[in-house]
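Here are some notes for a colleague who has not looked at this structure before. Please read them with the model open.

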Amino acid sequence: MTPPSHAPAQARSPTFSSLEFRAALGMFATGVTIVTARGPDGAPVGLTANSFNSVSLTPPLVLWSLSRRAGSMAAFRAGSHYAINILAADQHALAERFASKAVDRFAGVTWHEGTAGAPVIDGAVAVFECFNRSRYEEGDHVIFVGEVERCAHRAGAQPLIFHGGRYYTELPL
C-alpha cells in the first residue's frame, strides 16, 4: 500500500531573511576559484567564485554559478570555453582582486593561454579547462555546466579556503 503524498506542489515561502540564508550558506567551507574566459573582443575576463562542484566522472563534468547581473555574464554565456582555476593558499590577494569591480583584474597577474584560449592562472592548485556545455537559469543565477577537456593539479599544494565570510589556508581539526 502506498502512503498518501502530502508534499506541496511547490516550495513554501521562506521563514528567513536573505541575510540569514547567506550566513547559513557561509558555514559551508569551500575552495576558492577564479573562472576565466575570453570576451567577444578576445580580452581576458575572470571572476572569483566559490560556487564550484563536480557533477560527473564520465563524462567529466563540473558546475559553477554566476549572478545574472554580473558584468561578465555575456562573455560566459556566449563563449565556448572557460577555465576554472582553484586557488592556492598564497593566492588570497588574487581572490580579492578578481572579486573587485574597480580594478583591471588581469594587470600584473601571471597567466598563460589554455588549450582552448581561456586564461590559466599560474600557481593555481588545480585547473579545469572546460567546454561550455550547458546553462540553466535558476533564481538570480545561471548555473554553468562545463565538460572538462583538460585538467591539471599540483600534488601536495595547499588550497585557499573560504568559510564564514573569511579566507583561510587551513581549518583546525
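1. Start with Arg69, which sits in the loop between β5 and α2 (73-78). The model is a predicted one. Arg69 counts as exposed, because its relative accessibility is 74% and the exposed class begins over 50%. Along the chain, Arg69 and His141 are 72 residues apart, yet their C-alpha atoms are separated by 8.2 Å.

2. His141 also belongs to the next topic, the largest pocket. The volume of this pocket is about 1,800 Å³. Its lining has 41 residues, and those closest to the centre are Arg22, Asn50, Ser51, Ser65 and His141.

3. Which elements each supply at least two residues of the lining of the largest pocket? The helices on the list are α1 (18-25) and α3 (92-99). The strands on the list are β3 (44-49), β4 (52-56), β5 (61-67), β10 (141-153) and β11 (161-163). The largest share comes from β3, with 5 residues. Sorted by class, the pocket lining consists of 18 nonpolar, 17 polar and 6 charged residues.

4. Rolling a probe the size of a water molecule over the atoms shows where empty space is left. In the whole structure, the search finds 1 cavity of 30 Å³ or more. The largest cavity holds about 40 Å³ of space.

5. The lining of the largest cavity is made up of His81, Tyr82, Gly114, Thr115, Ala116, Gly117, Ala118, Glu129, Cys130 and Glu149. Two strands, β6 (81-86) and β9 (126-138), each supply at least two of the lining residues. By class, this lining has 4 nonpolar, 4 polar and 2 charged residues.

6. How many disulfides does the structure hold? The number is 0. The closest cysteine sulfur to that of Cys130 is in Cys151, 9.3 Å away, which is too far for a bond, because a disulfide needs the two sulfur atoms within 2.5 Å. Cys151 is likewise in no disulfide, its nearest cysteine sulfur being that of Cys130.

7. Are Cys130 and Cys151 buried or exposed? Cys130 counts as buried, because its relative accessibility is 1% and the buried class is under 20%. Cys151 has a relative accessible area of 52% and is exposed.

8. The loop between β4 and β5 contains Pro59. The peptide bond from Thr58 to Pro59 is cis, with omega near -5°. As background, most peptide bonds are trans. A reader going through the backbone may wish to look at this bond in the model.

9. Last, the protein as a whole. The protein has 3 helices and 12 strands. Its C-alpha atoms fill a box of roughly 60 × 40 × 35 Å, taken along the principal axes. The protein has 173 residues, and 35% of them count as buried.

10. Two further totals describe the protein. Taking contacts between residues at least 6 apart in sequence, 63% join residues at least 24 apart. The accessible surface comes to about 10,800 Å², and 57% of this surface belongs to carbon and sulfur atoms.

Technical notes: Residues are numbered from 1 along each chain as its sequence is written. This is a predicted model: local features need pLDDT of at least 70, side-chain atom pairs count only at pLDDT 80 or more; totals for chains, interfaces and linings use all residues. Side-chain values use heavy atoms; hydrogens and water are left out. On a 1 Å grid over the protein atoms alone, a cavity is a set of points where a 1.4 Å probe fits but cannot get out, and a pocket is an open set with protein on both sides within 12 Å along at least five of seven lines; lining residues have an atom within 4 Å of a point. Grid points are joined across faces, edges and corners, and a volume is the space filled by probe spheres set on the points. Helices (H or I, at least four residues) and strands (E, at least two) are DSSP runs, numbered from the N terminus. Ala, Val, Leu, Ile, Met, Phe, Trp, Tyr, Cys and Pro count as nonpolar, Asp, Glu, Lys and Arg as charged, and the others, Gly among them, as polar. Buried means under 20% relative accessible area, exposed over 50%, partly exposed in between (1.4 Å probe, protein chains only). Contact means heavy atoms within 4.5 Å. Accessible areas come from the Shrake-Rupley method with a 1.4 Å probe; for residues, only the protein chains shown count as cover.
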